[in-house]
Amino acid sequence: MTRPQKIKKSLKVSFWDGVFASCMAGFSADYLTPYALALKATTRQIGALSALPFLVSSLAQLKSAEIAEFFKSRKRMITFFIFLHALMLVPVALIPYLFSRQPVFFLILFITLFTAFNTVTGPVWLDLMGEYIPSNKRGRYFGWRNRIMMVATIASSLIAGFILQHFRNDVLRGFLVIILLALASRLVSWFFLTQMHEPRFKVHRDSYFSFLDFVKGIHTSNFVQFVLLVSGLQFCVNLASPFFSVFMIRDLAMNYVTYTILVSTVTVTQIATISRWGRAADRVGNVRVLKLTSLLIASLPLWWIISQNRIYLVFAQAVSGFAWA
């Protein structure tokens, strides 16, 4: 098989990897907080469930390049950690049956490992994909791929919501079903990852820079200023975002179908508007788009204060999807 044929095959299996990884996310991501609530989690534990996985993942991601060097293969490193990532869903699904004394503690532990094993592969996967696709074609490929992935996420999320509603009188069994579906989806995704071709692995030492180099560029580097913007935005967002699910399920007493419709509205709106934001960025520049969307994102919690009417909240979620797109 020639190199172009290997790359073509890798892009094809990468597409299917993305589809099934999105199905896994749809069956799990928006339902971790409801799962924790079903396990009688406190508000403080919900905060820990949101914060700890991403804190540990961020620290682990700093070592991604070194780990890839240890494996001497990006593909080997990715498939190893993604397999571990999938396996973490087994104890997550069985928590009510194996860890009945402190179920929320073990949920936080396993979800932290689950998230870290996935996130640590991110930079290495992007580096590998960068060798398949020329820089002038990446936007088109990833834009098309991401839209299909969003559809897969919505479909699986809706299925998960209806499953939970069906098992509303024994909701822990419903969570067992959707988490096992997430596990199956991730294993299929992992299989497609194993089919990818890896070009020769090269380490570019001149690309390394220290934290001190990063700090020195605060006033001069666009990259450093962008990192600070994203970091500040994420800090503010995560003050509130972990508790929207708590508010919907515990305080507003929403059923799982209504909850699913509200969380899916964000993704549906993203699919509808993401290409428009791309054209707007081409016309007026990325910086102006970032300034506007950052302000919109900062305002999102205020929309929930105005009213808790279900129809109105669908509109508020559409605004959220429009901003995040």
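Student: Helices are DSSP runs of H or I with at least four residues, and strands are runs of E with at least two, numbered from the N terminus. Which helix is Ile305 found in?

Tutor: Helix 15, residues 286-306. One caveat: this is a predicted model, where local features need pLDDT of at least 70 and side-chain atom pairs count only at pLDDT 80 or more, while totals for chains, interfaces and linings use all residues. Residues are numbered from 1 along each chain as its sequence is written, and side-chain values use heavy atoms, with hydrogens and water left out.

Student: Is Ile305 buried or exposed?

Tutor: Ile305 counts as exposed, at 62% relative accessibility. The cut-offs are under 20% relative accessible area for buried, over 50% for exposed, and partly exposed in between, with a 1.4 Å probe and protein chains only.

Student: Let's do helix 12. Which residues are buried there?

Tutor: Val224, Leu233 and Val237 are buried in helix 12.

Student: What about the length of helix 12, what span should it have?

Tutor: It runs over residues 222-240, which is 19 residues, so at 1.5 Å a residue it should span 27 Å. The expected span is 1.5 Å times one less than the number of residues. The end C-alpha atoms of helix 12 are 28 Å apart, and that agrees.

Student: Buried or partly exposed: how does Cys236 count?

Tutor: Cys236 is partly exposed, since its relative accessibility is 49%. Cys23, on the other hand, is buried, because its relative accessible area is 16%.

Student: Where is Cys23 found, and what does it touch?

Tutor: Cys23 is in helix 1. Leaving out residues up to four places away in sequence, Cys23 touches Ala152, Ser156 and Ser185; contact means heavy atoms within 4.5 Å. Cys23 also sits 8.6 Å from Leu181, C-alpha to C-alpha, although 158 residues separate them in sequence.

Student: So how do helix 1 and helix 10 pack?

Tutor: Helix 1 (residues 3-28) and helix 10 (residues 171-194) pack at about 165°, with axes 8 Å apart. That makes helix 1 roughly antiparallel to helix 10. Angles under 35 degrees count as roughly parallel, over 145 as roughly antiparallel, 65 to 115 as roughly perpendicular and the rest as oblique. The axes are lines fitted to C-alpha atoms, for helices over the stretch in contact, and angles run from 0 to 180 degrees between N-to-C directions.

Student: Which residues meet there?

Tutor: From helix 1 they include Trp16, Phe20, Cys23 and Phe27, and from helix 10 they include Leu181, Ser185 and Phe192.

Student: How do helix 5 and helix 6 pack?

Tutor: Helix 5 (residues 74-87) and helix 6 (residues 89-98) pack at about 10°, their axes 4 Å apart. That makes helix 5 roughly parallel to helix 6. His85, Ala86 and Leu87 in helix 5 meet Leu89, Val90 and Pro91 in helix 6.

Student: Last one, backbone. What is phi for Lys40?

Tutor: About 70°, positive although Lys40 is not a glycine. Lys40 lies in the loop between helix 2 (32-38) and helix 3 (43-61), and it is exposed at 69% relative accessible area. Ala253 also has a positive phi, near 55°. Ala253 lies in the loop between helix 13 (244-251) and helix 14 (256-284).
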